[in-house]
Structures are given as C-alpha cells and as structure tokens.
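Dear colleague,

Please find below the structure that I am handing over to you. A summary of what was found in it comes after the sequence and the coordinates.

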Amino acid sequence: MTFVFKKETSMGELVVEYTISSVTKGVKIVEMTLDGEYHRHSWMGKQGQLELIDELENHYRDLLNETAWLESKAELHYGI
C-alpha cells in the first residue's frame with residue numbers, strides 16, 4: 001500500500017508517493033514530483049532530505065491515528 005503526501009513549496013507543489021518498508025519499517029519513497037516534473041530525493045540537500053522523511057513519518061502517523069479514530073467510532077456505532 002502506498003500513501004500520497006502533498007506540500008506547497010516556493011518551487012511549486014511537491015507530491016510524494018511513499019510506502020513503509022516491511023523489512024526496515026522505515027519510509028521508502030516510490031515516486032516524487034515537484035511542480036509536476038519528475039524529482040528525486042537524492043537531488044535534495046541533506047537537510048531537506050531529513051526534513052522530508054520526518055514530514056512523511058508524521059504524515060503516516062497522522063493517517064494511522066485517523067484510521068484508529070474512525071475504527072473506534074465504527075465500533076461504538078455498530079457495537080463491535
């Protein structure tokens with residue numbers, strides 16, 4: 001399963017498709033575009049790379065929390 005992270009930057013919209021590795025449990029970038037053009041993680045400076053991975057980890061955590069919240073609401077509604 002992959003996830004999509006979008007962010008507006010001074011250079012245009014950054015769109016990152018990523019997944020979580022089953023082996024390392026870390027973020028793996030599948031595909032990335034900047035302002036609609038192909039872009040690579042390795043083309044970024046080291047600080048930018050670290051910040052992006054941090055943002056992706058936070059995005060993934062937020063998605064998990066949202067899913068857990070929705071599941072808890074469903075359990076209350078359906079009495080599961």
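This is a predicted model: local features need pLDDT of at least 70, side-chain atom pairs count only at pLDDT 80 or more; totals for chains, interfaces and linings use all residues.

Residues are numbered from 1 along each chain as its sequence is written, and side-chain values use heavy atoms, with hydrogens and water left out.

Overall fold

The protein chain has one helix and four strands, where helices (H or I, at least four residues) and strands (E, at least two) are DSSP runs numbered from the N terminus. Along the sequence these elements follow the pattern β-β-β-β-α. Of the 80 residues in the protein chain, 19% are buried; buried means under 20% relative accessible area, exposed over 50% and partly exposed in between, with a 1.4 Å probe and protein chains only. Among contacts (heavy atoms within 4.5 Å) with a separation of 6 or more, 27% are between residues 24 or more positions apart.

The sheet

The four strands form an open sheet in the order E1-E2-E3-E4, with antiparallel pairing; two strands pair if DSSP finds at least two bridges between them. E1 and E4 stand at the edges with a single partner strand each, so one side of each is left without a neighbour in the sheet.

E2 and strand E3 (residues 27–34) run antiparallel and are joined by seven bridges. One of the facing pairs consists of Ile20 and its bridge partner in E3, Val27. The two strands form a hairpin with six residues between them, and Lys25 in the turn has a positive phi of about 65°.

E3 also pairs with strand E4 (residues 37–38), in the antiparallel sense and over two bridges. Here Leu34 stands opposite Glu37, and Thr33 stands opposite Tyr38. This hairpin has two residues between its strands, with Asp35 in the turn at a positive phi of about 55°.

Aromatic pairs

The structure holds three aromatic pairs. Rings of Phe, Tyr and Trp (its six-membered ring) pair if their centres lie within 6.5 Å; planes under 30 degrees apart count as stacked, over 60 as edge-to-face and the rest as tilted.

Phe3 and Tyr18 form a tilted pair, at 5.6 Å centre to centre and 35° between the planes. Phe3 lies in strand E1 (residues 3–9) and Tyr18 in strand E2 (residues 12–20), so the pair ties together parts that are 15 residues apart in sequence. Phe3 counts as buried at 17% relative accessibility, and Tyr18 is buried with a relative accessible area of 0%.

Tyr38 and Trp43 form an edge-to-face pair, at 5.9 Å centre to centre and 85° between the planes. Tyr38 counts as exposed at 52% relative accessibility, and Trp43 is likewise exposed, with a relative accessible area of 53%. Ring pairs also link Phe3, Tyr18 and Tyr60 into a cluster.

Two residues of strand E2

Thr19 is found in strand E2. A polar atom of the Thr19 side chain lies 2.8 Å from the backbone oxygen of Met1. Not counting residues up to four places away in sequence, Thr19 touches Met1, Thr2, Phe3, Gly26, Val27, Lys28 and Val30.

Glu13 lies in strand E2 and counts as partly exposed, at 34% relative accessibility. The C-alpha atoms of Glu13 and Thr33 are separated by 7.9 Å, with the two residues 20 residues apart along the chain. Leaving aside neighbours within four places in sequence, the contacts of Glu13 include Lys6, Lys7, Glu8, Thr33 and Leu34.

The largest pocket

About 200 Å³ of space lies in the largest pocket. On a 1 Å grid over the protein atoms alone, a pocket is an open set of points where a 1.4 Å probe fits, with protein on both sides within 12 Å along at least five of seven lines; lining residues have an atom within 4 Å of a point. Grid points are joined across faces, edges and corners, and the volume is the space filled by probe spheres set on the points.

The lining residues include Lys7, Thr9, Leu14, Leu34, His39 and Glu55. E1 and helix H1 (46–78) are the elements that give two or more residues to this lining, and H1 provides the largest share, four residues.

With kind regards

Conventions:
A polar contact is a pair of N or O atoms within 3.5 Å; within protein, one must be able to donate a hydrogen and the other to accept it, and residues adjacent in sequence count only if both atoms are side-chain atoms.
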